[in-house]
Amino acid sequence: MSYQLPENSEKSSYVQQKFNEIASKYDLFNDLITFGMHRYWKRFVVRQTGVSPDGMCLDLCCGTGDIAHRLLRAVPQGRVCALDFSQGMLHVAKQRGMATGESPVFLQGDAIRLPIPSERIDAVTIGYGLRNVTDLSACLAEILRVLKPGGVLVSLDVGKVRLPVLAEISRYYFFYVVPRLGKLLYPGQDMFDYLPHSSINYPNQESLKRIMLSAGFKQVDVFDFLFGSSTVHVAYKP
Ligand SMILES: C[S@@+](CC[C@H](N)C(=O)[O-])C[C@H]1O[C@@H](n2cnc3c(N)ncnc32)[C@H](O)[C@@H]1O
C-alpha cells in the first residue's frame, strides 16, 4: 500500500496519461471489477435523466462512450455530445460508434472548461468522472452553466458503504482485489492503485449532495447500489 496520489497540480495530466494507457482494456476491467453490474447502473443513469426523445444530452468524462451510446437510444430525435480529455479513451469510443453506425458528437476537452454555450443542455451525465476532476466546484459550476433551467445532472460514482463490517469488506475488495485484477490486464500499471486511492478524499453521499446544493442545484436525490459502494446523484437545476 505504498501508492502515492499525484499532487493536485499534476492530477490532470496524470489522469489523462493513465487513461490513455489503459483505454483498450478499460471496458473489460469495468466488467471484471463490477461483475458486469456497471451496465445496469449506467442504464439507471440514462433512465434518471428523464430526457425527452428530442433532448440535448452531454456525457462528461465519457471514456469509452458507454453512457453516451446508451443516451443515443434515449434521444432518437435529439443529440448527444460526449466529452473527455483522454485521446485514447475517445479513440475506443469512436470505434464503438463506427461498429454500430451511429455516434455521439465527441469532443476532446476538460470537464471544468466546457466548450459549450450556456443553457443548451437538458441532461448532463457523468460516470466515474467527478472523482477525477481537479476542481469539483468548478466542474459543478460549468455543468450548471450549460444546463437549461430545469435541466438535470446524473452522476454515477463510487460511494461510501455505511455498515462497518460491509465497509471493511468493500475496502478490502477495492484496495486489494481491484488493483490485482487490473494488473492482470496491464502488469505494473499503477492506475489501478489510483482508482481506490482517489476515493479516499472524495465526499461521501451526503457531503456530495450538500456540495451540489450549495453549488446551486435545487434538489438532489441519491440512490445507493451494493450497500452504497456505488451511488447515483440526480441533481436538478432550478
Ligand atoms: C473512470 S473513467 C469513466 C469512463 C466512463 N464515463 C464510464 O463510466 O465508464 C473516467 C474518465 O474521465 C476522464 N476525465 C477525467 N478527468 C477529466 C477532465 N477533467 N476532463 C475530461 N475528462 C476527464 C478520463 O480521461 C476517463 O476517460
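Student: Is Glu-119 buried, partly exposed or exposed, and what is its relative accessible area?

Tutor: In this predicted model, Glu-119 is found in the loop between β3 and β4, and its phi is near 55 degrees, a positive value in a residue other than glycine. Buried means under 20% relative accessible area and exposed means over 50%, with partly exposed in between. Glu-119 therefore counts as partly exposed, with a relative accessible area of 45%.

Student: And Phe-227, what is its relative accessible area, and is it buried or exposed?

Tutor: Phe-227 lies in the loop between β6 (219-225) and β7 (230-236), and its phi, near 60 degrees, is a positive value in a residue other than glycine. With a relative accessible area of 59%, and with the limit for exposed set at over 50%, Phe-227 is exposed.

Student: Which residues does Arg-79 touch, leaving aside its neighbours within four places in sequence?

Tutor: Arg-79 lies in strand β2 (residues 79-84), where it is partly exposed, with a relative accessible area of 44%. Its C-alpha is 9.7 Å from that of Ser-103, a residue 24 places apart from it in sequence. With neighbours within four places in sequence left aside, the contacts of Arg-79 are Gly-55, Met-56, Cys-57 and Val-105.

Student: Why is helix α4 described as largely enclosed by the rest of the structure?

Tutor: The buried residues of α4 are Asp-66, Ile-67, Ala-68, His-69, Arg-70, Leu-71 and Leu-72, and they pack against α3, β1 (56-60), β2, α5 (87-100), β3 (105-108) and β4 (121-127). The helix, which runs over residues 66-74, is largely enclosed because the buried ones number seven of its nine residues.

Student: Helix α3 packs against α4, so what polar atom lies 2.6 Å from the side chain of Thr-49?

Tutor: Thr-49 lies in helix α3 (residues 37-49) and counts as buried, at 9% relative accessibility. Beyond its neighbours within four places in sequence, Thr-49 is in contact with Leu-71, Ala-123, Thr-125, Val-152 and Val-154. The atom found 2.6 Å from a polar atom of the Thr-49 side chain is the backbone oxygen of Val-46.

Student: With which side chain does Asp-157 make a polar contact of 2.6 Å?

Tutor: Asp-157 sits in strand β5 (residues 147-158), and at 1% relative accessibility it counts as buried. Among the residues it touches, not counting those up to four places away in sequence, are Tyr-128, Gly-129, Tyr-202 and Ser-229. The partner whose side chain joins that of Asp-157 in a polar contact of 2.6 Å is Arg-131.

Student: Which side chain makes a polar contact with that of Asp-31?

Tutor: Asp-31 is found in helix α2 and is partly exposed, with a relative accessible area of 23%. Not counting residues up to four places away in sequence, Asp-31 touches Gly-36, His-38 and Arg-39. The polar contact between side chains, at 2.8 Å, is with His-38.

Student: Which residues touch the most other members of the largest nonpolar core?

Tutor: In soluble globular proteins, nonpolar side chains tend to be buried together. Here the largest nonpolar core holds 47 residues, and apart from it lies another core, of 27 residues, among them Val-124, Cys-139, Ile-143 and Ala-235. Phe-19 touches residues including Tyr-26, Met-89, Met-191 and Leu-195, not counting those up to four places away in sequence. Within the largest core, the residues touching the most other members are Phe-19 and Val-232.

Student: How much of the accessible area of the ligand does the protein cover?

Tutor: The ligand is surrounded by 19 residues, the closest being Lys-42, Cys-61, Asp-84, Ala-111 and Gly-127. A polar side-chain atom of Lys-42 lies 2.9 Å from an oxygen atom of the ligand, while a nitrogen atom of the ligand is 2.9 Å from a backbone N or O atom of Ala-111. Of the 600 Å² of accessible area that the ligand has on its own, the protein covers 98%.

Student: How many residues of the shell around the ligand are nonpolar, polar and charged?

Tutor: The elements that give two or more residues to this shell are α1 (8-22) and α2 (26-34). Sorted by kind, the shell divides into 10 nonpolar, six polar and three charged residues.

Notes. Residues numbered from 1 in each chain as written. Predicted model: local features only at pLDDT ≥ 70, side-chain atom pairs only at ≥ 80, totals over all residues. Heavy atoms only, no water. Near = heavy atom within 4 Å. Polar contact = N/O pair within 3.5 Å; in protein donor to acceptor, adjacent residues only side chain to side chain. Areas by Shrake-Rupley, 256 points an atom, 1.4 Å probe, with all protein chains shown as cover. Helix = DSSP H or I, 4+ residues; strand = E, 2+ residues; numbered from the N terminus. Nonpolar A, V, L, I, M, F, W, Y, C, P; charged D, E, K, R; others polar. Core = buried A, V, L, I, M, F, W, Y, C linked by side-chain atoms within 4.5 Å. Buried < 20%, exposed > 50% of the residue type's maximum accessible area, 1.4 Å probe, protein only. Contact = heavy atoms within 4.5 Å.
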